[in-house]
Amino acid sequence: MRRTGTTRRGALTATGALALGAVLTGCGGDDEAAGGKQPARAATAKAEKALREKAVHDGALLLARYDLVAEAHPATAAGLEPLRAAVAEHGKALAPPRAEDDPKKGAPKGDEAPPAPAGPVSADPKAAVRELAAAERRRADAYGEALLAAGPELARLLASVAAAAAAHAYLLTELAEETAV
């Protein structure tokens, strides 16, 4: 009988595929920059900023979901904390450069409160952790797709975060199996 959940082999295969995609994306030349096309460079920078902002927003939603699950099911909190901390670090790494980093751009905006996640947390701890695993899988898939639109530096970062999200999905699946009802 075959197992239907995320397997270690599947997670490692996905991680390897994402890393290969990052390497191949990073190997492409920057032909537009060599030609001196400033509008193309500005459009790329704008697209990457939007991609980063979406990634940070999605990460904030995921962090809020981790918090809700840990609050609703305290027995899972210890297992969720290291993964939650990693998601928070990913958000910091993906954040677009702030205005305070460039004195010419003026004063920085205040930090916004994280958005509240949609929907309630499942009353069953196993189901709640499985929902987190599904969210991490969606995050890995979304970042894998975003690699195609990102420049080399951001693509490498997205590949790393996507690989981590795939690993989180695997670990959360295992945690769900170990969680007592």
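**Confidence and architecture**

Guide: This is a predicted model. The chain averages a pLDDT of 79, and 65% of the residues score at least 70. Over residues 103-110 the pLDDT is below 50, and beyond near neighbours in sequence this stretch has 7 contacts in the model. Where pLDDT is low, the predicted coordinates should not be read in detail.

Visitor: Among contacts between residues at least 6 apart in sequence, what percentage join residues at least 24 apart?

Guide: Of the 181 residues of the chain, 33% count as buried. The accessible surface comes to about 11,100 Å², with 59% of it belonging to carbon and sulfur atoms. As for the contacts between residues at least 6 apart, the share that joins residues at least 24 apart is 79%.

Visitor: What distance does helix α5 reach from its first C-alpha to its last?

Guide: Helix α5 covers residues 125-146, which is 22 residues. At 1.5 Å a residue, the expected span is 32 Å. The helix in the model is close to that value, reaching 32 Å.

Visitor: Is glutamate 136 buried or exposed, and what is its relative accessible area?

Guide: Glutamate 136 lies in helix α5. The buried residues of α5 include Leu132, Ala133, Glu136, Arg139 and Ala140. Buried means under 20% relative accessible area. Glutamate 136 is classed as buried because its relative accessible area is 0%.

Visitor: With which side chain does the side chain of glutamate 136 make a polar contact of 2.8 Å?

Guide: Not counting residues up to four places away in sequence, glutamate 136 touches Leu62, Tyr66, Val87, Ala165, His168, Ala169 and Leu172. A polar contact of 3.0 Å joins its side chain to that of arginine 139. The polar contact of 2.8 Å is made with the side chain of tyrosine 66.

Methods. Residues are numbered from 1 along each chain as its sequence is written. This is a predicted model: local features need pLDDT of at least 70, side-chain atom pairs count only at pLDDT 80 or more; totals for chains, interfaces and linings use all residues. Side-chain values use heavy atoms; hydrogens and water are left out. Buried means under 20% relative accessible area, exposed over 50%, partly exposed in between (1.4 Å probe, protein chains only). Contact means heavy atoms within 4.5 Å. Accessible areas come from the Shrake-Rupley method with a 1.4 Å probe; for residues, only the protein chains shown count as cover. Helices (H or I, at least four residues) and strands (E, at least two) are DSSP runs, numbered from the N terminus. The expected span of a helix is 1.5 Å times one less than its number of residues. A polar contact is a pair of N or O atoms within 3.5 Å; within protein, one must be able to donate a hydrogen and the other to accept it, and residues adjacent in sequence count only if both atoms are side-chain atoms. pLDDT is the predictor's confidence in each residue, from 0 to 100.
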